Amino acid sequence: MRISETHALTTVLPSVSWIPLARAHAERADEMTAGHRARKAAGEKHAIEDFLYDYYGTRPAQLRRWHPGVGTGLAAAPTGLAEHAAWKWYKSYPDGVVTLDTEAYMHARGESVRYIHGLLAATASRPAFSGCFGLHEWAMVYRQPEHRHSLPLRLGQAETDKVVEEHPIRCTHFDAFRFFTPEAVGLNRLQPTRATQVDLDQPGCLHAAMDCHKWATKLGPAVPGALALDCFALAGDIRLLDMQASPYDLTSYGQEPVKIETAEGKAEYVARQREFARRASALRARLIRVCEELLGPALAAENREAVAPHNS
C-alpha cells in the first residue's frame, strides 16, 4: 500500500472535552454489553445476542475503549498525556498532543482499508433490495435434523421445508449463504462467493448492514467512538429481527415471531428491513469517510474508480 499524502490534525480536543467523552463512551458500552457479560460469567448462552460476540469476535473491553478518530488529537490533561499515548497506533507530539499515527497505521493496514473502502462504496452505490424476507435463516435448517440453535422450529421441520420450497430465495451475502444446508444451496438464485462479495453486497441486506459493525471493528482506532457504538447498536437491533423472522421458536426469550410465511409477516419484515437499511446507509457513509480520510483524496478517488466495474 503506497502512502503518498500527508495527513494532518484537523482538531485538537482539550482534556475538559475528551475526558468526559471517553467516560460517557465507556459507560454506554458497558450498558450495551452488561447482559452478555453477566451471562458469560454465569456460563449461560443466548441464541440471539451471542452472535454479536461469537461470530463478530466482539470483545466488551475493546468496545468500551474510546477513540477520537482520524485527524483528531487529544491535548494533555493536568495529570499528563492521554492514556492513548501507550496504545498501539498512537503517537505523541512534543506539545503533549496524542493522536492516531496515521502513517504507521496505513503502512500496516493500508490494504485492508482499501478493501473495506471499496466494498462499502460499491455496496452504497446500489439500490436496496428488500424482497428476501429473511429466508437465509430458513435455508440454514432446510431438510436438516440438527440445527445451529437448540431451539424448536416454530412450524416443525416438514412445514419449514415447505416454506423454503414455496418461496424464491435470493440471498446476496456470502457470509449468510455459506451456512445454507447442502440441499438449499442450489435453491438460491445467486451463488455468492468471497471473491464476488464486492459485486453482490447490497444495502437492503440485513447482514451487509450488520457488517457495519464488522468493518468499524476492523478499522479500529481510526473510527470515532460514537460511530463504533452506533454500528454495534444497529447490529444488535438487526440481529433481533433476523431471529424473529427465522424459523426458530423464540418464546423462551419472550420474543414474538415475524411470520414471513404470511402476507402480514412479509410486510412487517420489509418495513423494518427498509428502516435498518436507512440507518445502515448513514453509518456506511460515515465509515466510507473514515476510509477516505485515511487514504487521502487521490487514493480514495483511485479506489472508487477501481471498484466501479463491479457496479456495471
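1. In this predicted model, the contact between helices H4 and H12 involves Thr102, Tyr105, Met106, Val113, Ile116, His117, Leu120, Ala121, Thr123 and Ala124 on the H4 side, and these meet Arg284, Leu287, Ile288, Cys291, Glu292, Leu294 and Leu295 of H12. The two helices pack at an angle of about 140°, with their axes 8 Å apart, and H4 passes H12 in a left-handed crossing. Since only angles over 145 degrees count as roughly antiparallel, the pair H4 and H12 is therefore classed as oblique.

2. Helix H4, which spans residues 102-124, also packs against H10, here at an angle of about 165° and with the axes 10 Å apart. That angle makes H4 roughly antiparallel to H10, and the crossing of H4 and H10 is again a left-handed one. From H4, the residues Tyr105, Arg109, Val113, Tyr115, Ile116, Leu119 and Leu120 take part, and they meet Trp215, Lys218 and Leu219 in H10.

3. Helix H10 (residues 206-219) has a further partner in helix H11 (residues 225-244), and these two pack at an angle of about 150° with their axes 8 Å apart. H10 is accordingly roughly antiparallel to H11, and H10 passes H11 in a left-handed crossing. The H10 residues involved are Leu206, His207, Ala209, Met210, Cys212, His213 and Ala216, while H11 contributes Ala228, Cys231, Phe232, Leu234, Ala235, Ile238, Arg239, Leu241 and Asp242.

4. Which residues have the most contacts inside the largest nonpolar core? They are Tyr105, Leu219, Ile260, Tyr269, Leu287 and Leu294, in a core that has 66 residues. Helix H12 (residues 263-295) supplies the largest share of this core, namely 11 residues. A second, separate core consists of nine residues, among them Ala22, Trp66, Ala82 and Trp87. As general background, nonpolar side chains in soluble globular proteins tend to be buried together.

5. Tyr105 deserves a separate entry. Leaving aside residues up to four places away in sequence, Tyr105 touches Trp89, Leu100, Gly110, Val113, Lys218, Leu219, Pro221, Ala222 and Leu294. Of these partners, Leu219 and Leu294 are also listed with Tyr105 among the residues that have the most contacts inside the largest nonpolar core.

6. How many disulfides does a search of the whole structure find? The search finds zero. For Cys205, the nearest cysteine sulfur is that of Cys171, 6.2 Å away, and Cys205 counts as buried at 9% relative accessibility. For Cys231, the nearest cysteine sulfur is that of Cys212, 5.2 Å away, and Cys231 likewise counts as buried, here at 0% relative accessibility.

7. Most residues other than glycine have a negative phi. Phi of Trp89, however, is positive and near 80°, and Arg143 has a positive phi of about 55° although it is not a glycine.

8. Not counting residues up to four places away in sequence, Pro192 touches Cys171, Thr172, His173, Phe174, Phe177 and Leu200. Pro192 and Cys171 are 21 residues apart along the chain, and their C-alpha atoms are separated by 8.1 Å.

9. The last point concerns His36, which is found in helix H1 (residues 15-42) and counts as buried at 11% relative accessibility. Apart from residues up to four places away in sequence, His36 touches Asp50, Tyr53 and Pro60. His36 and Leu52 are 16 residues apart in sequence and, C-alpha to C-alpha, 9.8 Å apart in space.

Methods
Residues are numbered from 1 along each chain as its sequence is written. This is a predicted model: local features need pLDDT of at least 70, side-chain atom pairs count only at pLDDT 80 or more; totals for chains, interfaces and linings use all residues. Side-chain values use heavy atoms; hydrogens and water are left out. A nonpolar core is a set of buried Ala, Val, Leu, Ile, Met, Phe, Trp, Tyr and Cys residues joined through side-chain atoms within 4.5 Å. Buried means under 20% relative accessible area, exposed over 50%, partly exposed in between (1.4 Å probe, protein chains only). Helices (H or I, at least four residues) and strands (E, at least two) are DSSP runs, numbered from the N terminus. Contact means heavy atoms within 4.5 Å. A disulfide is a pair of cysteine sulfur atoms within 2.5 Å. Axes are lines fitted to C-alpha atoms, for helices over the stretch in contact, and angles run from 0 to 180 degrees between N-to-C directions. Angles under 35 degrees count as roughly parallel, over 145 as roughly antiparallel, 65 to 115 as roughly perpendicular and the rest as oblique. A crossing is left-handed if the near helix is turned anticlockwise from the far one by less than a right angle, and right-handed if clockwise.
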